[in-house]
Amino acid sequence: MAAAGLTPAAAQAQAGATTENEAAATTAPAATPAPATTAATAAPAPIVYGSVGHAIPDPKIGMPAPGGYEIEEQVTPLGQRAAHFHNFWLMIIITSISVFVLALLLYTMVRFRRGANPTPSRNSHNTLIEVVWTLVPVLILVGIAIPSIGLLRAQYSPPPADVTVKITGHQWYWSYEYPDNGVSFDSYMLKEQNDPTRTKDQRYRTDNDGPPLLAADERMVIPAGKVVKFIITADDVIHSFAVPAFWTKLDANPGQLNETWVKVDRPGVYFGQCSELCGARHGFMPINIEVVTPAQYAQWIASKGGTMPGAKPGAAAVTPAAAPAEAATNTAIEQPATNQPATAQN
Ligand SMILES: [Cu+2]
């Protein structure tokens, strides 16, 4: 099946559709000798929700939650370390300092008000207090700096990369390139069905794609448990590549390559946005990253016409069993798959 190798959430959602696809797959081979094949019409590959590249997102992770105020659940080792440092150290330190200063202020206002203290003290120096209020903040800052610098160092000294993705920001979409695999494509935001700027043949967003303004027509797909290096740049103005669940936010500067890395163990769909004001449609260039198993990743690379490093070209091509199923589902999908011609007029 084309839908083989689903994420757990996607597998559940897909369960209902499986029998339909299987039924179609069994009838499809008889139809293949007919002259009118999908290749003749050059129809784009149909969208099969739940398949690799179209896994169904889990609203509990990788996207903003209604009313949420905390840092998104982190899925990278660096993100978990940074979030822990923020939640259990920084928040406690800044809260204690704020409460302490507020208490001092209130105490002073009450205790030394004119009514209670008609003759003010004329003291202007107290060496002990001055040493203490200089040293204590210095020690607090050093205490914060040591783990912060360690974290920064880890962020900028990546382990050897298993996969490299070059990310380019454009006005107003992202493009992703897998230089080791020969895969590259653009990723545009999916418009709502009732958006007046959407053309008739343009695929619109469904909840299976992701939340409004965050869902893209093409997702970056990366393998779980592998070190993925992101090389980030832009071809027009400054953009910023930000994925909150990865603790990743890095500027995309024209003529410059910025580098960061992630390692995500948990398969799923993760959403981000351009985070540098880059023009009129700055708010409409979302980032979608789907984390899949390494086997699914290889399958996805093959489906994009790419090759895995070390593999013979074409070795990982779509299995014969998968092809009829995909062709058959083509008729069941009401929407055209591509977004490109229309989004060019954005
Ligand atoms: Cu941008």
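Colleague: What should I know about the model and its numbering?

Modeller: The model is predicted, and local features need pLDDT of at least 70, side-chain atom pairs count only at pLDDT 80 or more, while totals for chains, interfaces and linings use all residues. Residues are numbered from 1 along each chain as its sequence is written.

Colleague: In which order do the five strands of the open sheet stand?

Modeller: Strands are DSSP runs of E with at least two residues, and helices are runs of H or I with at least four, both numbered from the N terminus; two strands pair if DSSP finds at least two bridges between them. Here the order is β4-β10-β9-β6-β7, with mixed pairing. Because β4 (220-223) and β7 (248-252) each have a single partner strand, they stand at the edges, and one side of each lacks a neighbour in the sheet.

Colleague: How does β4 pair with β10, and over how many bridges?

Modeller: The two run in the parallel sense over four bridges, and Met220 has Ile289 in β10 as its bridge partner.

Colleague: And what surrounds β6?

Modeller: In general, side chains of a regular strand alternate between the two faces of the sheet. A residue counts as buried if 20 or more other C-beta atoms, placed from the backbone, lie within 10 Å of its own, as exposed if 12 or fewer do, and as partly exposed in between. In β6 (residues 239-243), four of the five residues are buried. Five bridges join β6 to the antiparallel β7, where Asp251 is the bridge partner of Ser240, and β6 also pairs with β9 (residues 268-274) in the antiparallel sense over two bridges.
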